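Here is a short walk through one protein model. Keep the structure in view and follow the residues as they are named.

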Amino acid sequence: MSGSPHSIHNKAMAKDFDLMEDSNRSTNPSFHEVSDPARRVLVRGGLAAAVAGLFGPLGAGALAGCAATGASGVASLGRGIGFKGVPMAPGDRVVVPEGYAAQVLYRWGDPVGVAGRMPAFRGDGGNSAEDQALQAGMHHDGMAFFPIDGSSQRGLLVMNHEYVDDGLLHPDGMKTWTADKVRKSMQAHGVSVIEIERGGGWKQVLPSTFARRITALTPMAISGPAAGHPMLRTGGDPGGTRILGTFSNCASGPTPWGTYLTCEENFADYFEGTDNPDAHQRRWGVRKGNGAKYRWHEHEERFDVAKHPNESNRYGWVVEIDPQDPQSMPIKRSALGRAAHEGAATALTADGRAVVYMGEDARFEYIYKFVSRDRMKPGGFAANRELLDHGTLFVARFDVDGTGEWLPLQQGQGPLTADKGFANQGDVLIKSRQASDALGATKMDRPEWTTVDPISKWVYCTLTNNSNRGQPGQPFMDAANPRGNNTMGQIIRWKENGDLDGTRFDWNHLVLASDPKQSRSEAQGNIRGDTFGSPDGLMVDARGVLWIQTDVSTSTLGKGEYTNLPNNQMLACDPTKGEIRRFMVGPAGCEVTGIATTPDLRTLFINIQHPGEPANERSDPDRPLAVSTWPDGAGRPRSATVVITRNDGGVVGT
Ligand code: FEO
Ligand code: CA
Ligand code: CA
Ligand code: CA
């Protein structure tokens with residue numbers, strides 16, 4: 001790589017806002033041209049699959065007809081940000097702007113709402129594993145709102161429960177360790193489907209016929225080119241097509257056909273590796289000692305790699321869930337590749353093919369895009385059951401000149417041949433890291449969430465941080481990842497040349513995060529507005545506001561370059577102007593993550609993950625209140641969904 005990182009960076013930044021505006025508008029079909037009652041998706045119980053506003057002309061707006069609440073209605077409000085920013089301050093509460101209210105909706109341990117089976121939460125961690133399977137899991141993360149009949153007053157809220165703090169989950173934490181505790185931990189992971197409605201405030205519908213928990217013990221299928229692959233076969237599943245559970249579900253995304261994509265991120269942390277890992281296990285971080293964190297392998301043998309070498313290959317997938325059918329089996333979609341998947345942002349090409357953008361959150365890993373072979377059909381999930389099974393997976397290369405290329409992960413092309421270990425497409429997908437290495441894709445600073453601007457079609461991705469960048473023996477800085485010892489992170493964006501299925505793109509950075517009060521030159525950034533670091537959650541809403549959530553690790557909050565940032569937060573940005581304004585600050589020791597809106601943008605849902613988390617990520621069961629008692633003000637801290645509305649009922653953020 002020639003040139004200093006700063007000259008590279010400045011070149012990219014020089015293109016800053018001149019690529020921005022909405023050139024796609026004139027080439028895409030208008031809302032009314034494609035709007036067609038036949039596209040209306042109504043399924044059982046009259047639940048509209050539409051996630052209004054997020055998918056542009058062929059998506060939810062069209063699905064919901066030409067209702068003013070669709071994308072066109074709220075998009076006409078413009079991207080303006082009207083709230084008064086909130087100051088950063090330490091504290092154990094949710095802070096929102098003047099004129100706004102924050103309401104706690106769904107906490108760890110609250111019943112999910114299955115009729116006749118709603119065990120009350122026990123604040124000492126005393127609920128059984130069976131109780132936990134019917135209650136909200138821990139560590140809420142990615143989330144989507146599925147309106148019922150297009151309503152902004154009633155819908156399904158679907159969310160991930162990424163991981164657990166065993167110090168809070170059990171009365172005595174990990175002082176003793178039993179099979180029951182492992183089962184409780186497994187059932188505190190996964191996904192919740194809850195039904196909610198707006199009366200005075202928002203509340204859960206209890207019971208609800210949609211209520212469902214999906215956990216690390218829920219049977220699921222795997223489909224696509226890797227299904228049945230020898231590397232997926234185990235003693236318990238000789239066919240390699242049936243997998244028990246999903247876990248480490250980090251970010252997520254809704255699809256225009258009404259399903260929820262949940263993403264398996266740090267799955268390697270759950271597998272106790274061997275003394276002599278093979279090259280594949282090493283590349284995927286399946287190491288000796290990993291099992292110490294959650295200790296599942298001590299009572300669930302499949303997490304012991306020495307005994308079950310293929311089990312870890314069955315995780316790291318994007319899982320599709322139909323929230324409208326509580327009996328449906330979740331499906332791991334192998335065509336989208338295997339990764340420490342952070343999230344999955346789905347959009348449609350002008351002719352209706354699905355495009356899924358995905359980041360892999362690990363140091364020096366990659367950004368992916370999947371383009372479906374087929375077009376989305378009207379009829380919701382029933383008509384699109386195989387849409388994500390056929391298509392092309394690409395990995396991104398960001399070039400120094402501000403352009404980039406999507407490299408196909410296609411067996412038989414380029415280096416992806418049998419003599420290099422890729423004898424079939426299943427090999428490519430299960431070993432997508434190795435395939436991306438071979439293709440020369442760009443090693444990124446921990447790609448977290450991606451989001452597609454429904455108006456301009458710019459795609460944004462948070463690169464949360466990477467303190468190993470440029471360190472001895474580690475990859476050096478490059479144009480897209482321009483800072484060494486990158487503690488603060490950046491938001492990169494690209495615009496496809498042509499439609500979203502294009503194989504070339506233009507890119508630049510929206511922002512390099514920083515705290516200007518900190519002096520290390522490499523940590524300096526270019527925020528216009530309020531200070532933040534470690535961006536993670538990200539969503540452009542239907543009127544074009546970019547919401548940014550932060551995940552500064554609890555070992556770092558308030559220290560070093562984060563001295564002025566004692567808590568995690570959420571900010572808003574009009575990406576055509578670049579100013580970033582702080583919208584909320586979370587309680588002590590939390591991560592702010594997960595974001596969804598109602599179609600009318602008058603309600604914003606966010607998740608507070610692990611309030612009170614200590615620096616070592618495990619609470620002391622004898623001192624569980626050491627950092628936080630949020631949200632109850634007493635007792636163990638609980639991850640929870642928070643509803644944010646304006647007191648005057650207006651659109652959030654305006
Ligand atoms: Fe689970 Fe990458 O955050
Ligand atoms: Ca995340
Ligand atoms: Ca993160
Ligand atoms: Ca976290």
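Trp494 and Phe505 are both buried in this predicted model. Their rings face each other at a set distance and angle. The ring centres are 6.3 Å apart and the planes make 50 degrees, so the pair counts as tilted.

β24 and β25 run antiparallel and are joined over 7 bridges. Arg493 has a second contact to look for. It lies over the face of Trp458, at 5.1 Å from the ring centre. Another arginine is placed in this way: Arg581 lies over the face of Phe83, at 5.6 Å from the ring centre.

Now widen the view to the sheet. β24 and β25 belong to an open sheet of 9 strands, with antiparallel pairing. Its order is β15-β16-β18-β19-β20-β25-β24-β23-β22. At the edges are β15 (345-348) and β22 (447-452), each of which pairs on one side only. From one strand to the next, the twist averages 30 degrees. A helix packs on this sheet: α11, residues 432-439. Helix α11 touches β18 (367-375), β19 (391-398) and β20 (403-408). Its direction makes about 105 degrees with that of β18.

Between β18 and β19 there is a loop, and His390 lies in it. Leaving aside residues up to four places away in sequence, His390 touches Phe370, Val371, Ser372, Arg373 and Asp374. Arg333 is 57 residues away from His390 along the chain, yet their C-alpha atoms are separated by 9.8 Å.

Next comes a second sheet. This one is open too, with 5 strands in the order β26-β30-β29-β28-β27 and mixed pairing. Its edge strands are β26 (528-529) and β27, and each pairs on one side only. β26 and β30 (residues 579-585) run parallel, joined by 2 bridges. In β30, Glu579 is the bridge partner of Arg528.

Which residues coordinate the calcium ion (ligand 3)? They are Glu448, through OE, and Asp536 and Asp551, each through OD, at 2.3 to 2.4 Å. Along the chain these donors follow the spacing E-x87-D-x14-D. Asp536 is in strand β27, residues 535-540. Asp551 is in the loop between β28 (546-550) and β29 (569-573), 15 residues from Asp536. Asp536 counts as buried because its relative accessibility is 1%. The site has a neighbour. The calcium ion (ligand 2) is 3.7 Å from the calcium ion (ligand 3), and Glu448 coordinates both.

Back to the aromatic rings. The model holds 28 aromatic pairs in all. Take Phe247 and Phe271 as one of them. Their ring centres are 6.3 Å apart and their planes are at 45 degrees, so this pair is tilted. Phe247 lies in the loop between β10 (242-244) and β11 (249-254), and Phe271 in the loop between β12 (260-264) and α9 (279-283). The pair thus links distant parts of the chain, 24 residues apart. Phe247 and Phe271 are buried. They also belong to one aromatic cluster, formed by Phe247, Tyr270, Phe271, Tyr294, Trp296, Phe303 and Tyr315.

Finally, step back to the whole protein. It has 11 helices and 33 strands. How many of its 654 residues are buried, as a percentage? The share is 64%. The contacts can be counted as well. Among those between residues at least 6 apart in sequence, 67% join residues at least 24 apart.

Key
Residues are numbered from 1 along each chain as its sequence is written. Chains are lettered from A and ligands numbered from 1 in the order in which they are written. This is a predicted model: local features need pLDDT of at least 70, side-chain atom pairs count only at pLDDT 80 or more; totals for chains, interfaces and linings use all residues. Side-chain values use heavy atoms; hydrogens and water are left out. Rings of Phe, Tyr and Trp (its six-membered ring) pair if their centres lie within 6.5 Å; planes under 30 degrees apart count as stacked, over 60 as edge-to-face and the rest as tilted. Helices (H or I, at least four residues) and strands (E, at least two) are DSSP runs, numbered from the N terminus. Buried means under 20% relative accessible area, exposed over 50%, partly exposed in between (1.4 Å probe, protein chains only). A charge sits over a ring if NZ of Lys or CZ of Arg is within 6 Å of the ring centre and within 35 degrees of the ring normal. Donors are N, O and S atoms within 2.8 Å of the metal (3.2 Å for Na, K and Ca); water is not among the atoms, so sites may look incomplete. Two strands pair if DSSP finds at least two bridges between them. Axes are lines fitted to C-alpha atoms, for helices over the stretch in contact, and angles run from 0 to 180 degrees between N-to-C directions. Contact means heavy atoms within 4.5 Å.
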